[in-house]
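Subject: Structure for you, plus notes

Hi,

Here is the structure I promised to send over. Have a look, and then read on for what turned up.

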Amino acid sequence: MRTILITGPGGSGRTTIAAATALRAAEAGDRTLLLSADRTDTPGAALGTRSGPVPAQAAPNLTVWRPDATERFREDLTAFQNRAAGVLDLLGAARLDAEEVTPLPGAEELSFLRALRDAALSERYDLLVVDLPPLPQALALLALPEELRRYLRRMLPAERQAARALRPVLGRLAGVPMPAEWLYETAARWDVELAAAGAVLTDRNTAVRLVAEPGPAGADAVHDASLGLALRGLRTEALIANRVLPDAGGDTWLAGLLAQQRKTLADWQDTERSHDVHPVRHLGRDPHGTDDLGALAVPGVNPGPAPVEWPVADRLAEDGVLVWHIPLPGAIREELDLIRRGDELLIAAGPFRRIVPLPSALRRCTVAGAGLREGELRVRFAPDPDLWPAGGR
């Protein structure tokens, strides 16, 4: 299955563009699911049909779905209380009834990631179009699977489960109950679910479409989003310049706005070379129904997206180093920071941070420097004589 993730600044029309993209694919014969994180029925308003927590057909080959995060959270919490019954009784804790449960911060994001995973694993569709929240919430959502898995591994490392037979003995010696089997089982299940959601996001058939109105605010948002997505290893397939005005004629007020849009479009065409820029005209009204969405003429989905790669170049013979090439379009040298922590590298680029595991060959090296050139971070690693096999690689 191909997956297109669509996001942009709030008010940019990203949900309408997502609906138009899904509709075009469906009309081309692809069995398409439009999965939306929008709390209100904006996808339904664009398509001219209602959407909700149950997947519904909006047009031939097109299904639309807005998962109910509240109901999913209630189900998860009820199941968790049942598994943790012994601990809750020991603590004298009162259980919550499903009717009094409201989602905690982060519950909607986790619920949506699970829906994304379920949709991607389904064999009913050829294309999954995902209407993400606006920036920067979308960037936080895309980072969630990797970050939570890292936290789980640090707090409940899998190797500690080897000592689970000793936990009852240790509990009696310490006088307090030790972590129960269900805790490790729950952590393992969460890890599998997060890994599945993360696999969808990093799959070679997954790409991102950015939606923004051409102008100063849109340009700033696109710059930041491109950097944040690149740091996550996500490929931006296209930049949709939405609501582009027609020629202003004699209207001086519109002429000024049109000049601003054209300047931004020219800048995007010149600087956003890592992906295509597609202007989408302003209809003079909010699009409603399949005819209006078709009139937007959004680009079709690329059937063979090029994956993002972070290659390691062997420069041992020439310079005595291995070079890790990390594409970071839009990064500023003064806003970059690198910290080596064991077998991981913390990369800070502007407001974004990511901790990435080092490729196996680089774990036996020390960082020998780094440089930013043409939108690419190049980190140099020198072999550690104490770890690098003599005369070998």
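A residue counts as buried when its relative accessible area is under 20%. By that cut-off Ala 348 is buried, because its relative accessible area is 11%. Ala 348 sits in strand 12 (residues 344-349). Leaving out residues up to four places away in sequence, Ala 348 touches Glu 335, Leu 336, Asp 337 and Arg 353. Leu 231 is 117 residues away from Ala 348 in sequence, yet the two C-alpha atoms are 8.9 Å apart in space.

Before you go further: this is a predicted model. The mean pLDDT of the protein chain is 86, with 84% of residues at 70 or more. The pLDDT stays below 50 over residues 169-178, a stretch that has 5 contacts in the model beyond near neighbours in sequence.

Now the overall picture. The protein chain has 12 helices and 15 strands. It runs to 393 residues, and 44% of them count as buried. Its accessible surface is about 20300 Å², with 53% of that belonging to carbon and sulfur atoms. If you take the contacts between residues at least 6 apart in sequence, 68% of them join residues at least 24 apart.

How are helix 5 and helix 6 oriented to each other? Helix 5 (residues 107-121) packs against helix 6 (residues 137-155) at an angle of about 90 degrees, and the axes are 10 Å apart. An angle from 65 to 115 degrees counts as roughly perpendicular, so that is what helix 5 and helix 6 are. Helix 5 brings Glu 109, Leu 110, Phe 112 and Leu 113 to the contact, while helix 6 brings Leu 141, Leu 144, Pro 145 and Leu 148. By class that makes 7 nonpolar residues, 1 charged and no polar ones.

Most residues other than glycine have a negative phi, and most peptide bonds are trans. Here, a cis peptide bond joins Leu 135 and Pro 136, with omega at about 0 degrees. Pro 136 belongs to the loop between strand 5 (127-131) and helix 6.

Two positive phi values are on my list as well. Arg 243 is not a glycine, but its phi is positive, at about 60 degrees. Arg 243 is in strand 7 (residues 236-244) and counts as partly exposed, at 24% relative accessibility. Ala 297 has a phi near 55 degrees, again positive in a residue other than glycine. You'll find Ala 297 in the loop between helix 11 (290-295) and strand 9 (312-315), where it counts as exposed at 56% relative accessibility.

Two last residues to look up. Is Thr 16 buried or exposed? Thr 16 is buried, at a relative accessible area of 16%, and it lies in helix 1 (residues 14-27). Setting aside neighbours within four places in sequence, Thr 16 is in contact with Ala 46, Pro 287, Leu 293 and Leu 296.

Pro 60, in contrast, is exposed, with a relative accessible area of 63%. Pro 60 lies in the loop between strand 3 (56-59) and strand 4 (62-65). Its C-alpha is 8.8 Å from that of Gly 29, and 31 residues separate the pair in sequence.

Cheers

Notes. Residues are numbered from 1 along each chain as its sequence is written. This is a predicted model: local features need pLDDT of at least 70, side-chain atom pairs count only at pLDDT 80 or more; totals for chains, interfaces and linings use all residues. Side-chain values use heavy atoms; hydrogens and water are left out. Axes are lines fitted to C-alpha atoms, for helices over the stretch in contact, and angles run from 0 to 180 degrees between N-to-C directions. Helices (H or I, at least four residues) and strands (E, at least two) are DSSP runs, numbered from the N terminus. Angles under 35 degrees count as roughly parallel, over 145 as roughly antiparallel, 65 to 115 as roughly perpendicular and the rest as oblique. Contact means heavy atoms within 4.5 Å. Ala, Val, Leu, Ile, Met, Phe, Trp, Tyr, Cys and Pro count as nonpolar, Asp, Glu, Lys and Arg as charged, and the others, Gly among them, as polar. Buried means under 20% relative accessible area, exposed over 50%, partly exposed in between (1.4 Å probe, protein chains only). Accessible areas come from the Shrake-Rupley method with a 1.4 Å probe; for residues, only the protein chains shown count as cover. pLDDT is the predictor's confidence in each residue, from 0 to 100.
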